[in-house]
Amino acid sequence: MLASRGYATGFVIVPNIINSVSMQRRKSILAVASGGGHWVQLLRLRPAFRHHSVTYVTTSHGALPRDEEGSIFVVPDANFSSKVRLIYLGLRIAALVLWVRPDVVVSTGAAPGFFAILFGRLLGAKTIWFDSIANADEMSLAGKHVRRFSTHWLSQWESVAQKSGAKYVGAVIEL
Amino acid sequence: MHKVLVTVGTQLPFDRLIALVDDIASELDLDVFAQTGPASREFSNIHCESFLSPSELNDRLSWCDVVVAHAGMGTILSALVAGKPIVIVPRLLSLGEHRNDHQIATVSRFSGVSGVFTATDAPTLYKSISLALSTKEVNRLSSYAPESTISSIRSLIDG
């Protein structure tokens with residue numbers, strides 16, 4: 001009886017301090033998107049990056065809002081129709097990933113994000129592919145290629161997620 | 001005069017759209033500023049620039065009453081955040097205006113959104129611009145994704 005009472009009082013609820021924000025380690029995030037629609041969507045995710053240190057990568061037409069603290073690198077644009085430009089872009093992104101050594105890589109696409117996810121994953125980073133909302137019927141080409149390097153492979157459409165096996169956690173706009 | 005910003009995005013020209021607006025500019029009493037991308041011809045009734053810097057684009061978004069644009073996601077989101085009604089016209093793969101027909105899907109997915117109007121040819125463009133011009137107020141879209149999306153992404157990053 002005594003033993004069981006002592007056993008019962010041994011159960012103490014320990015406050016779960018491990019998940020509190022103040023204990024959260026500040027991570028290094030590499031946030032990558034081609035200029036234009038991909039970039040506009042990436043910027044809409046910024047509140048998710050708060051408390052972490054962010055390095056942005058985009059092609060020449062993107063620009064960081066003045067109030068943003070993160071640093072930004074510009075890389076040349078390329079798509080899957082030009083092999084030479086693609087290889088050059090790949091090398092530039094590889095160099096950036098080696099330089100930044102991110103804990104997390106987040107991308108909304110397209111080709112620059114593909115390379116960042118690929119190299120990031122190879123270096124042990126957590127990678128999040130957030131397919132552009134423009135791909136309303138199926139995952140993008142770059143998205144399909146990057147699947148096995150993505151820790152989290154996301155579509156902004158539930159229907160596309162269902163069809164492709166991607167996850168759906170929401171979109172940049174409520175439709 | 002009604003102030004119209006036409007924009008075709010940064011990747012490819014979309015002369016067909018510029019020409020459509022050029023044709024109806026005087027009929028609808030439009031003061032048009034067009035970002036044409038790498039356009040291949042001159043247009044008579046409107047002021048054209050190939051490219052705009054991000055801050056120039058923001059200035060033009062503030063200046064205009066209505067945006068007329070290709071159905072590009074960046075443009076649509078930027079117009080909605082600026083609180084401007086937007087008429088979107090899809091680029092067509094069949095006319096060499098794009099690498100795929102995603103914009104047709106975009107037009108159908110966004111046609112119900114408040115402040116967004118759609119068009120595919122001269123008559124529908126005329127009608128949609130008229131509707132957009134008579135829209136009293138468009139609620140400004142938030143600059144950030146919905147809170148549920150943000151917290152989901154945050155969990156994936158932090159976890």
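Modeller: Start with helix H1 of chain B, residues 15-24, which is mostly covered: eight of its ten residues are buried. Buried means under 20% relative accessible area, while exposed is over 50% and partly exposed is in between (1.4 Å probe, protein chains only). Helices (H or I, at least four residues) and strands (E, at least two) are DSSP runs, numbered from the N terminus.

Before we go on, this is a predicted model, where local features need pLDDT of at least 70 and side-chain atom pairs count only at pLDDT 80 or more, while totals for chains, interfaces and linings use all residues. Residues are numbered from 1 along each chain as its sequence is written, chains are lettered from A and ligands numbered from 1 in the order in which they are written, and side-chain values use heavy atoms, with hydrogens and water left out.

Back to our helix. The buried residues of H1(B) are Asp15(B), Leu17(B), Ile18(B), Ala19(B), Leu20(B), Val21(B), Asp22(B) and Ile24(B). An α-helix has 3.6 residues a turn, so residues three or four places apart point the same way. What do the buried residues of H1(B) pack against? Their partners are strands E1 (2-7), E2 (30-35), E4 (66-70) and E5 (86-89), plus helix H5 (122-133), of chain B. Packing here rests on contact, meaning heavy atoms within 4.5 Å.

Helix H4 of chain B, residues 102-110, also has buried residues: Gln103(B), Ala105(B), Thr106(B), Val107(B) and Phe110(B). These pack against E4, helix H3 (73-81), E5 and strand E6 (116-118) of chain B.

Thr106(B) gives us a way across to the other chain. Leaving aside neighbours within four places in sequence, Ala134(A) is in contact with Met73(B), His102(B) and Thr106(B). You'll find Ala134(A) in the loop between E5 and helix H5 (141-146) of chain A. Its relative accessibility is 18%, so Ala134(A) counts as buried. Within chain A, Ala134(A) and His38(A) are 96 residues apart along the chain, yet their C-alpha atoms are separated by 9.0 Å.

Now for the whole meeting place of the two chains. Chain A puts 42 residues into the contact and chain B puts in 32. The size of an interface is often given as the accessible area lost when the parts come together. For chain A and chain B that buried area (lost accessible area, 1.4 Å probe, summed over both parts) is about 3,100 Å², with 63% of it on carbon and sulfur atoms.

How many salt bridges are there between chain A and chain B? The count is one: Asp137(A) pairs with Arg109(B), and their closest N and O atoms are 3.8 Å apart. A salt bridge needs a side-chain nitrogen of Lys or Arg within 4 Å of a carboxyl oxygen of Asp or Glu. There are also 15 residue pairs in polar contact across the interface (both at pLDDT 80 or more). On the side of chain A that touches chain B, helix H2 (37-43) and strands E4 (104-109), E5 (126-130) and E6 (152-155) of chain A each supply at least two residues. H2(A) gives the largest share, four residues. A polar contact is a pair of N or O atoms within 3.5 Å; within protein, one must be able to donate a hydrogen and the other to accept it, and residues adjacent in sequence count only if both atoms are side-chain atoms.

Thr127(A) has 0% relative accessibility, and a polar atom of its side chain lies 2.6 Å from the backbone oxygen of Phe149(A).

Strands pair if DSSP finds at least two bridges between them. E4(A) and E5(A) run parallel, joined by four bridges, with Ser107(A) opposite Trp129(A). They belong to an open, parallel sheet of seven strands in chain A, ordered E3-E2-E1-E4-E5-E6-E7. E3 (71-74) and E7 (167-168) of chain A stand at the edges with a single partner strand each, so one side of each has no neighbour in the sheet. E3(A) pairs with E2(A), residues 53-58, in the parallel sense over four bridges, and Val57(A) stands opposite Phe73(A).

Notes. Buried area = accessible area lost by both parts, 1.4 Å probe.
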